[in-house]
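Dear colleague,

Please find below the structure that I am handing over to you. My notes on what was found in it follow directly after.

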Amino acid sequence: REHLVRGLKEGADEYLTKPVDVDELEARLKSASRVASMNRKLVERTTSLRHESERALKIARIDPLTGVNNRFSLTIDLNWAMAQASRYGHKYTIALCDVDFFKRFNDKYGHVAGDEVLKSVADAMRSSLREGDRLYRYGGDEFLILLPEQTQQAGAVAMDRLRQSVESLAIEHVASDAAKVVTVSAGLAEYDPALDVAPEDWLRRADLALYRAKERGRNRVVVDGVDAQLP
């Protein structure tokens with residue numbers, strides 16, 4: 001009995017007394033095989049569910065039209081960036097961009113052509129960014145870029161390269177007053193813990209800078225709180 005109790009405590013699942021009955025041994029082995037098979041299936045199912053959950057989460061964070069990150073992903077990442085900046089002093093800048101006179105484009109060329117433009121613009125933006133930068137579809141024809149470890153002045157130079165990249169696509173837009181091709185405008189704001197209590201505060205400053213870019217004729221980059229503009 002002492003050996004039996006010790007064996008079970010050490011992890012044994014079953015026991016047989018001597019002399020061993022062959023028929024009983026066979027029955028016990030078949031039972032153990034069934035249990036082992038059920039455990040394997042349970043592990044496989046659990047792994048499959050975890051992978052499905054991870055895929056579903058990834059899909060939930062991606063804009064289906066352009067393939068870039070969506071607003072859900074943006075909300076998570078902005079809160080994370082603000083926490084990193086507040087705790088460790090990292091710099092983060094956001095750039096809010098939109099396609100110039102996009103409504104006119106849709107009215108002139110149709111919504112299907114408009115969707116194709118958004119995909120082309122997103123691809124051009126993505127190819128212009130650094131590996132660590134994050135691109136999001138903010139809504140409609142608006143995109144937002146999160147620029148880690150960049151001041152808004154350095155970010156403005158990067159966003160002007162992005163602006164030129166979109167313009168160089170040379171997509172016809174005869175209804176645009178900024179150019180006769182598709183262009184974008186951008187407004188930048190660097191995270192400031194004294195001003196940005198919530199992500200909405202940070203976004204609002206970038207939005208105001210974008211509004212100034214539109215006021216000045218579009219197809220340009222404007223920095224929050226600074227008169228300097230590009231080009």
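Strand β4 is covered on both faces in this predicted model: Val184, Ala186, Leu188 and Glu190 on one side, and Ser185, Gly187 and Ala189 on the other, are all buried. Here buried means under 20% relative accessible area, exposed means over 50%, and partly exposed lies in between, with a 1.4 Å probe and protein chains only. Helices (H or I, at least four residues) and strands (E, at least two) are DSSP runs, numbered from the N terminus. Counted by residue, 7 of the 7 residues of β4 are buried.

Two conventions apply throughout. Residues are numbered from 1 along each chain as its sequence is written. Since the model is predicted, local features need pLDDT of at least 70 and side-chain atom pairs count only at pLDDT 80 or more, while totals for chains, interfaces and linings use all residues; side-chain values use heavy atoms, with hydrogens and water left out.

The partners of β4 come next. Strands count as paired if DSSP finds at least two bridges between them. Strand β4 (residues 184-190) pairs with β1 in the antiparallel sense over 7 bridges. Within that pairing, Ala186 of β4 is the bridge partner of Cys97, and Ser185 of β4 stands opposite Asp98. With β5, strand β4 pairs in the parallel sense over 3 bridges, and Leu188 stands opposite Val223 of β5.

Glu190, in strand β4, counts as buried at 16% relative accessibility. Leaving aside neighbours within four places in sequence, Glu190 is in contact (heavy atoms within 4.5 Å) with Lys91, Tyr92, Thr93, Thr151, Gln152, Gln153, Asp196, Trp202 and Arg205.

Strand β1 (residues 92-99) has 8 of its 8 residues buried, so the strand is largely enclosed by the rest of the structure. In a regular strand the side chains alternate between the two faces of the sheet. In β1, Tyr92, Ile94, Leu96 and Asp98 point one way and Thr93, Ala95, Cys97 and Val99 the other, and all are buried. Strand β1 also pairs with β3 (residues 142-148), in the antiparallel sense and over 7 bridges; there, Ala95 stands opposite Ile145.

How many residues does the largest nonpolar core have? It has 28 residues, and those with the most contacts inside it are Val121, Met125, Phe143, Ile145, Met159, Leu162 and Val166. A nonpolar core is a set of buried Ala, Val, Leu, Ile, Met, Phe, Trp, Tyr and Cys residues joined through side-chain atoms within 4.5 Å. At least two residues of this core are supplied by each of β1, α4 (102-109), α5 (111-128), β3, α6 (152-167), β4 and β5 (221-223). The largest share, 6 residues, comes from α5. A second, separate core of 18 residues includes Leu78, Tyr136, Leu144 and Ala206.

Val166 deserves a separate entry. Apart from its neighbours within four places in sequence, Val166 is in contact with Val121, Ala124, Met125, Val182, Thr183 and Val184.

Helix α1 (residues 2-9) has 0 of its 8 residues buried, so the helix lies largely in the open. Just after α1, Gly11 takes a positive phi of about 120°. In the loop between α1 and α2 lies Pro19, and the peptide bond from Lys18 to Pro19 is cis, with omega near -5°.

Helix α2 (residues 22-60) contains Leu57, which is partly exposed with a relative accessible area of 48%. The C-alpha atoms of Leu57 and Thr75 are separated by 14 Å, the two residues being 18 apart along the chain.

Two residues other than glycine also have positive phi. Glu149 has a phi of about 55°; Glu149 is in the loop between β3 and α6 and is partly exposed at 47% relative accessibility. For Arg218, phi is near 70°; Arg218 lies in the loop between α7 (199-215) and β5 and is partly exposed, with a relative accessible area of 22%.

With kind regards
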